[in-house]
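Hi there,

Here is the structure I promised to pass on. Have a look at it first, and my notes follow below.

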Amino acid sequence: MKYTLSTILFITTLTLFQMRLCAIETPSSEEDRKWQMINDLKVIKHHYEVSYAPLAWKKSYWNWDIDIAYKEAKKKILSTPSITSKQFHQILRTFVNSMKDYHVDISFYSTETSSLPFGVKGVNGRYFVSWIDHLRLPTSHFRISVGDELLSFDGEPIAAIIERIKNEGGKFANPDTDNALAEVRLTRRKGSSGDIVPKGALLATFQSAKNQKKSTYQLRWSHQPEHIYNRSDVSPSIDLLDAFFPKQQNLSQPMDFIHAKVGEIQMMNPLLKSEMGSTDRGLGARKSFVPVLGEIVWNFNENPDFSEELYEGGGIIDWVAYIYQHANGKQIGYIRIPHFTGDEIDSAVFGKIVTYMDKRTDGLVIDQLHNFGGYVDFQYQLSSILVTDTPFRAPYHQIKITQKEVLDAYESLKILNLLEASSNAREWNHQRKGQFSEEDENQSSKEEEYSGELINHQWLLHVKAYFEFILEEWSAGRTLTNPTPILGVDRINGHPKYRYTKPILVLINEMDFSGADFFPAILKDNERATLFGNRTAGAGGYVYSFQFPNSHGIASCTYTASIAERANEKKIENIGVLPDIPYTLSVEDVQNNYQEYVNAVNQAVDSLYVIPKDVDAKPISLPDNQIE
């Protein structure tokens with residue numbers, strides 16, 4: 001084929017123009033990467049604009065603006081040269097942390113972790129060893145004891161490192177909670193949380209609590225390397241079958257469907273839950289830092305016949321409970337609630353323990369220190385066992401709703417209407433009870449034990465009213481509902497079988513989150529318990545999460561889907577729950593097995609019998625915008 005000169009010139013000109021156009025419209029790989037990151041940031045921002053319940057509250061309480069936070073994050077992305085995925089993760093973490101919400105977090109696909117075999121507790125800017133893993137830090141080689149003061153890492157004061165950790169990943173919502181979380185991260189880092197994960201050796205300097213002698217040891221981080229390297233052409237896998245053909249609900253077991261909906265309402269941050277069991281006396285640990293409060297006269301864990309009978313059907317929580325002799329001559333019960341992710345079996349065991357105590361004690365200490373929260377339903381089950389005469393008033397929530405919540409409510413009502421139509425649930429109850437033989441006493445006792453699985457018609461009506469309310473609010477044009485009780489339960493009735501009626505002291509602190517904010521709030525607002533310790537974290541709603549396809553290793557984001565108010569119409573979010581009897585840990589506590597704390601708890605137990613309920617609690621000094 002022959003071309004004329006004009007044709008060749010035309011083709012050449014067109015080719016040069018197309019190349020120039022591509023140069024204008026196609027950014028460099030660095031620019032392209034940054035704009036992909038900004039697009040991910042936009043997706044996250046949009047999710048919070050649509051679904052984050054406390055959006056207006058954060059504006060009025062903290063003067064926080066999501067648009068300003070977005071612009072700051074975008075500016076940081078654009079101004080960071082040769083930005084890495086890790087740097088992007090930290091920018092995203094700063095963005096979500098700007099909401100000052102302990103439910104709001106972002107997690108990443110990462111296998112990298114590092115840890116040291118001890119933890120610390122801070123008091124007045126000083127940091128003391130609170131636990132040691134002696135398998136990884138044997139006393140034969142390291143003269144380090146609980147209570148020793150940790151002075152520095154590689155010559156840098158620990159206080160400075162803690163401050164840097166807070167600046168990198170803190171929420172700046174509750175100072176005591178931020179300090180406590182930074183103390184955890186001092187010796188435990190995770191790439192999945194967006195941490196810069198150290199590795200190699202360091203020089204750690206300690207000062208003995210016994211003789212004040214300083215010792216320096218070389219320690220090495222226990223490091224797990226990263227195996228997930230983020231590349232621009234890799235994104236999380238998606239199940240296309242689920243995306244285009246959602247699974248249908250199994251209507252043959254309607255109660256399973258309803259219980260699944262109830263189980264979705266969680267008051268806990270999954271990232272905090274993931275810490276459960278990772279450290280001794282840490283978040284969700286079976287035992288807290290509190291030593292035995294007195295001479296034990298009965299120990300649940302040393303009565304195998306009693307405990308084995310209760311745990312025959314399973315259970316999640318390994319309860320720690322005992323009765324001790326108080327110095328005033330009274331016998332006082334103690335029970336530890338490590339978290340609220342238990343089931344009906346756990347609530348039955350709790351009920352049997354405290355009912356046993358009710359006949360043998362003059363008061364009860366409930367230890368819920370370092371509790372990350374859990375399920376709303378389980379909180380209410382335990383609360384019902386502590387009701388005396390009048391049902392407890394439950395908190396109300398404003399709920400952020402979208403078409404998803406409306407469809408869920410519609411589908412749930414279809415199931416609930418089927419159940420209600422079946423002779424007010426008598427038929428379903430009969431079918432459930434028919435699973436057991438009435439002639440067999442053992443089976444009969446099992447039926448009583450699992451009676452929570454039978455249909456409670458009143459509960460069914462509460463849940464139905466709740467879903468009807470969601471539809472009504474959407475029809476009224478509201479995307480943030482008026483205040484309403486979760487699952488329609490505005491009053492928590494007393495348990496039909498188990499009950500504790502004596503005075504109660506609840507131990508709380510800054511590491512009590514979400515459900516562990518709500519449980520003491522319910523007891524306090526209904527004048528059922530006295531609270532001892534430090535202000536709770538202030539995570540005031542229930543939690544949902546979302547995911548989206550991306551190429552930067554973003555696994556999921558969590559958000560607060562409701563914002564709650566207590567019976568006194570005060571918010572829990574950012575404010576937390578204040579103790580009636582404040583207590584701040586001292587150096588003497590962390591160096592001498594918390595004996596001053598024990599003495600203060602027992603003094604507080606004494607006060608249960610001498611202070612009238614209408615006496616005002618000792619005030620706590622807080623910033624003006626944090627007064628309860």
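How many helices and strands does the secondary structure of the protein come to? There are 20 helices and 26 strands, taken as DSSP runs numbered from the N terminus (H or I of at least four residues for helices, E of at least two for strands).

Some housekeeping: this is a predicted model, in which local features need pLDDT of at least 70 and side-chain atom pairs count only at pLDDT 80 or more, while totals for chains, interfaces and linings use all residues. Residues are numbered from 1 along each chain as its sequence is written, and side-chain values use heavy atoms, with hydrogens and water left out.

On confidence, the mean pLDDT (the predictor's confidence in each residue, from 0 to 100) is 84, and 78% of the residues reach 70 or more. Over residues 232–252 the pLDDT is below 50, and this stretch has 16 contacts in the model beyond near neighbours in sequence; a contact means heavy atoms within 4.5 Å. Residues 611–628 also have pLDDT below 50, with 24 such contacts. Where pLDDT is low, the predicted coordinates should not be read in detail.

Now the interior. Of the 628 residues, 50% are buried (under 20% relative accessible area; exposed is over 50%, partly exposed in between; 1.4 Å probe, protein chains only). Leaving aside residues up to four places away in sequence, Tyr 48 touches residues including Leu 55, Ile 66, Phe 546 and Tyr 559.

Helix 2 (residues 29–51) and helix 4 (residues 66–79) pack at about 165°, with axes 10 Å apart. Helix 2 is therefore roughly antiparallel to helix 4 (angles over 145 degrees count as such). Axes here are lines fitted to C-alpha atoms over the stretch in contact, with angles from 0 to 180 degrees between N-to-C directions.

Finally, Ser 514 sits in the loop between strand 21 (504–508) and helix 18 (515–525). Ser 514 is buried, with a relative accessible area of 1%. Its C-alpha atom is 6.9 Å from that of Gly 541, 27 residues apart along the chain.

Best wishes

Note on methods: Angles under 35 degrees count as roughly parallel, over 145 as roughly antiparallel, 65 to 115 as roughly perpendicular and the rest as oblique.
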